[in-house]
Amino acid sequence: MPLINVRNPRTGRIDYRFEQTGAEELTRLATGMRAAQVEWHDGGVELRCRMMLRLAAAISERRDVLFNALSADTGRVRETGMEIDAVISSIERWCRLAPELLAPGEPKSTDIPFIELGRQLAPYPLTGIISPWNIPLVLACIDAIPALLAGSAVIVKPSEITPRFVEPLTDIVAGVSGLAEVFRLVPGDGSLGQALIDHADLVCFTGSVATGKQVALAAAQNFIPCQLELGGKDPAIVTADTDIQRSAAALCWGGMVNAGQSCLSVERVYAETPVYHDLTAAIAAKARSLKLNADDINEGEIGPVISENQHHIIESHLQDATAKGATIECGGRIVEHNGGLWCEPTVLSNVNHDMLVMTEETFGPVLPVMAFSTDQEAISLANDTIYGLSAAVFANDVQRAGAIAEKLDAGGICINDAGLTSIMHEGEKQAFKSSGMGGSRMGPASIRRFLRTKALLENTQLCRDPWWY
């Protein structure tokens, strides 16, 4: 099996290689994990929680090695620490919630007096997860953790663009006795992801709309369910009565954290005409204060463009916008430093929906700002998209903000802030339009995605003649 080369986003050099998991090895793993899943499930949720809490402790103990691998893959520091903390806290949170959520409940009486209704929750035996490159650890684990606690065995195929964390995490999992029998990471490219779908009983995918459609088709051909979290072009609507400085700070964070490389990033701003110029200026001022971490990974807020291909998309969006009359208020360039590529924090004005930067996912630290005159116009502009992941509304008039939010075609709406859907785990939501398919990753519904419900119908009266009723 040939080695797969991995590019360092800070240097542009190939400095890591790995061997893809082979087809025979994947088949062997899937077969063995199906067998191990039976004992994993039958051991009960309390045992599964104990095992997963040991995993959280092991991740904490070996934080440094995992941190180094992730930061080498992504070229960033601050977000890497947040990733590891988020996975540990997610395990702890799900272990608190799972026993109650997975409890079978007592049989219930029905409208037919001699029939009692019980319930059994049966996990999908093998869950396959295909995760992306932008937030590698979190998005490899966001589905894996509830699936494991639900009683599934889990195979994760992370992105080949950011695979360095696979080896240390695999070692960490192996250190928790028995866990590797039901939880494995397999490195490889898209062909391995396709093969994984052929082995799984349920598949979870996070990534682009185009690839998501391919995953959905492959799942349909295998007659298995799929859970898709796809792209976004998240809008933010800012009304004239808003606190401009506070809104600008929230928008800058929501659009530029992780260098804009998040499906939940704010990617377009609609400002009511009276505050359009002041808000644009305030966002640009905030953006200018952000620094690239090109000289020192520990300094600056904006990391490199992780994927080698992504900078072409960002660049094409900027070129298209300026060619069609957009004004660059700040930034506007992809800069090279020692072989790595960084996108300057960028704010655009005089934009419209004829521009790619307002209609297609940019996935970079770019905030275009467009004026609107009425709430209905803002709602129409925000909904003028194939995407529907999340959105934001800023207004001091909370009733007005709520009325706007209720008319937006998106699964999670932040009011007077941005990015809250990534941290409020209780906020059950689903993606609209082409941004996804399947159940919520948030709230109790998340763990139930990995379960099928059996109805247990008991006739409580012995009856010789089954036809009497």
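This is a predicted model: local features need pLDDT of at least 70, side-chain atom pairs count only at pLDDT 80 or more; totals for chains, interfaces and linings use all residues.
Student: How are two packed helices described?

Tutor: Two numbers do it: the angle between their axes and the distance between the axes. Take H3, residues 63-74, and H4, residues 78-101. They pack at an angle of about 130 degrees. Their axes are 9 Å apart.

Student: Is H3 parallel or oblique to H4?

Tutor: The angle of about 130 degrees makes H3 oblique to H4. The crossing of these two helices is right-handed.

Student: Which residues of H3 and H4 make the contact?

Tutor: From H3 come Arg63, Leu66, Phe67, Leu70, Ser71 and Thr74. From H4 come Thr80, Gly81, Glu83, Ile84 and Asp85. Sorted by class, this contact of H3 with H4 has four nonpolar, four polar and three charged residues.

Student: Give me a second pair. At what angle do H8 and H9 pack?

Tutor: H8 and H9 pack at about 30 degrees, and their axes are 9 Å apart. That makes H8 roughly parallel to H9, since angles under 35 degrees count that way. H8 passes H9 in a right-handed crossing.

Student: Which residues of H8 and H9 touch?

Tutor: H8 supplies Gln194, Ile197 and Asp198. H9 supplies Val215, Ala218, Ala219 and Asn222. By class, the contact of H8 with H9 has four nonpolar, two polar and one charged residues.

Student: Now for faces. Which residues of an α-helix point the same way?

Tutor: An α-helix has 3.6 residues a turn, so residues three or four places apart point the same way. Look at H8, residues 190-199. Its buried residues are Leu192, Gly193, Leu196 and Ile197. Seen down the axis of H8, they fall within an arc of 150 degrees, so they line one face of the helix.

Student: What do the buried residues of H8 pack against?

Tutor: Their partners are helix H1 (23-42), strand E5 (126-130), strand E6 (153-157), strand E8 (202-206) and helix H9 (209-222).

Student: Which residues of helix H15 are buried?

Tutor: H15 covers residues 398-406, and its buried residues are Ala401, Gly402, Ile404 and Ala405. They cover an arc of only 160 degrees around the axis, which puts them on the same side of H15. Gln399 and Glu406 are exposed on the other side of H15.

Student: Where are Asn338 and Phe363?

Tutor: Both lie in loops. Asn338 is in the loop between strand E13 (334-337) and strand E14 (340-343). Phe363 is in the loop between helix H13 (356-359) and strand E16 (366-372).

Student: Are they buried or exposed?

Tutor: Asn338 has 62% relative accessibility and counts as exposed. Phe363 has 10%, so Phe363 counts as buried. The cut-offs decide: buried means under 20%, exposed over 50%.

Student: How far apart are Asn258 and Arg78?

Tutor: In sequence, 180 residues; in space, 8.8 Å from C-alpha to C-alpha. Asn298 and Arg76 are 222 residues apart along the chain, with C-alpha atoms separated by 7.7 Å. Asn298 sits in the loop between helix H11 (276-288) and helix H12 (310-323). With a relative accessible area of 52%, Asn298 is exposed.

Student: One from a strand, please. What does Ser349 touch?

Tutor: Ser349 is in strand E15, residues 346-349. At 3% relative accessibility, Ser349 counts as buried. Not counting residues up to four places away in sequence, Ser349 touches Tyr276, Thr280, Ala326, Thr327, Glu329 and Val369.

Key. Residues are numbered from 1 along each chain as its sequence is written. Side-chain values use heavy atoms; hydrogens and water are left out. Axes are lines fitted to C-alpha atoms, for helices over the stretch in contact, and angles run from 0 to 180 degrees between N-to-C directions. Helices (H or I, at least four residues) and strands (E, at least two) are DSSP runs, numbered from the N terminus. Angles under 35 degrees count as roughly parallel, over 145 as roughly antiparallel, 65 to 115 as roughly perpendicular and the rest as oblique. A crossing is left-handed if the near helix is turned anticlockwise from the far one by less than a right angle, and right-handed if clockwise. Contact means heavy atoms within 4.5 Å. Ala, Val, Leu, Ile, Met, Phe, Trp, Tyr, Cys and Pro count as nonpolar, Asp, Glu, Lys and Arg as charged, and the others, Gly among them, as polar. Buried means under 20% relative accessible area, exposed over 50%, partly exposed in between (1.4 Å probe, protein chains only). The arc is that of the directions from the helix axis to the C-beta atoms.
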